[in-house]
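Work through the exercises below with the model open beside you.

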Amino acid sequence: MAAPGENLRINADRLWDSLMEMAKIGPGVAGGNNRQTLTDADSEGRKLFQKWCEEAGMTMGVDTMGNMFMTRPGTDPNALPVYMGSHLDTQPTGGKYDGVLGVLGALEAVRSMNDLGIKTRHPIVIANWTNEEGTRFAPAMLASGVFAGVHTQDWAYDREDAEGKTFGDELKRIGWVGDEEVGARKDKMHAMFELHIEQGPILEAEGKDIGVVTHSQGLSWTQVTVTGKDSHTGSTPMPMRKNAGLGMARILELVDEIAWSHKPHAVGAAGHIDVYPNSRNVIPGKVVFTVDFRSPDLAVIQDMEKRLKEGAKKICDDMGLGVEFEKVGGFDPVTFDEGCVTAVRNAAERLGYSHRNIISGAGHDACWINKVAPTAMIMCPCVDGLSHNEAEEITRDWAKAGADVLFHAVVETAEIVE
Ligand code: HGY
Ligand code: MN
Ligand code: MN
């Protein structure tokens, strides 16, 4: 298929300005962002994105999970659209680029198509997937998961945040329940490409501009509840204590040991921990925490889950503590579409960007969309591989390289019409 000339590039300054403008919405406390899903800040960011897309001549569709779809018409209305997309929601101490680069990089690709008068046979659609982060409402990639048929909408609507608010109520409250049935589009997608920062150290360390993402590692989230007995930290003799906090500490040591036992690729930790009653002079009677295991190998993930349960049960039995497990998220390792991956690699080659194949360490909406449409990802480096931290940083050149490759891969796949 005809590809854009290697001299056709996006407008890097315009992309950077849009990234900085979006970063003003839901600011963090240390230069990053706290634009969590279904908050007023999320809604404000959505409206700004909608405004920019409509200024670029696109029309908006929204589904019942709040997923936004901005369409640029193709010359053949019967041709299935080529999608680009990622997410605008952030972690509570998130960076300015995680997810946002993929959404605004897609907008920049469309703006550049407009500037260059490029017509494509297939329509182009930019998606903003609701609640990719899964930090306020678990699991991660919730709305793309419902779209792909992995979760039901009812189950998703009932997910609760730490204050007991439900996803469904909050989506209604911010006014972003769309009229499209979620997933109605899933059998009518020609392809999807997601641009994302690497969120790891490999590309920067190797001096590569572009990661050609061939696979994504799989993920497992197990929520563990350890129960002991609240009692006075001063007057309760040590032998009488039922210390749920100590039980958790020993289980977290076990999590670390299990991950290291599958080095170099497996990882494990707990990022979410709730201690009850969380009072300075009360021995914790209950602790609830989520163990996040990941690996490119499904058998390794299954082994880690099994050893967690067996080991945590033994720790708690020995300490006279109760323990319960609930699987609250997960997906198997992903192999992206060969054809789309090749389009990404060819685009990087054509544009003269250094590149290497890479396995995504983080989960992305593309991991679910890959179940229903040919999908691939493009990665750019980030400084020190740091992400999910307000200090997350990229260079303008890295943003430009990623958006250039996205622009070329999408225009080629959508077939330029002379
Ligand atoms: O958890 C993840 O990998 C993604 O950042 N939601
Ligand atoms: Mn992300
Ligand atoms: Mn993230």
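Buried means under 20% relative accessible area, exposed means over 50%, and partly exposed lies in between (1.4 Å probe, protein chains only). This is a predicted model: local features need pLDDT of at least 70, side-chain atom pairs count only at pLDDT 80 or more, and totals for chains, interfaces and linings use all residues. Residues are numbered from 1 along each chain as its sequence is written, chains are lettered from A and ligands numbered from 1 in the order in which they are written, and side-chain values use heavy atoms, with hydrogens and water left out.

**Exercise 1. Classify the salt bridge of aspartate 161.**

Step 1. Apply the cut-off: a salt bridge is a side-chain nitrogen of Lys or Arg within 4 Å of a carboxyl oxygen of Asp or Glu. Aspartate 161 pairs with arginine 136, and their closest N and O atoms are 3.0 Å apart.

Step 2. Helices (H or I, at least four residues) and strands (E, at least two) are DSSP runs, numbered from the N terminus. Aspartate 161 sits in the loop between helix H5 (153–157) and helix H6 (167–173), and arginine 136 in the loop between S4 and helix H4 (142–147), so the pair ties together parts that are 25 residues apart in sequence.

Step 3. Check burial. Aspartate 161 has a relative accessible area of 9%, so this residue is buried. Arginine 136, at 13%, is buried because that value falls below the cut-off.

**Exercise 2. Which residues coordinate the manganese ion (ligand 2), and which coordinate the manganese ion (ligand 3)?**

Step 1. Set the cut-off. Donors are N, O and S atoms within 2.8 Å of the metal (3.2 Å for Na, K and Ca); water is not among the atoms, so sites may look incomplete.

Step 2. List the donors of ligand 2. They are His87 (NE2), Asp98 (OD) and His196 (NE2), at 2.1 to 2.3 Å. Their spacing along the chain is H-x10-D-x97-H.

Step 3. List the donors of ligand 3. They are Asp98 (OD), Glu133 (OE), Glu133 (OE) and His388 (NE2), at 2.2 to 2.5 Å. The donor residues are spaced D-x34-E-x254-H.

Step 4. Find the bridge. Aspartate 98 coordinates both manganese ions, which lie 3.4 Å apart. Aspartate 98 is in the loop between S3 and H3, histidine 388 in the loop between strand S15 (375–380) and H12, 290 residues apart.

**Exercise 3. Is aspartate 98 buried or exposed?**

Step 1. Read the accessibility. At 5%, aspartate 98 is buried. Histidine 87 is buried as well, whereas histidine 388 is partly exposed at 40%.

Step 2. Search for a charged partner. Lys and Arg count as positive, Asp and Glu as negative; His and the chain ends are not counted. Aspartate 98 has no salt bridge, and the nearest side chain of opposite charge, arginine 35, is 9.3 Å away.

Step 3. Search for a polar contact (a pair of N or O atoms within 3.5 Å; within protein, one must be able to donate a hydrogen and the other to accept it, and residues adjacent in sequence count only if both atoms are side-chain atoms). The side chains of aspartate 98 and histidine 196 make one, at 3.0 Å.
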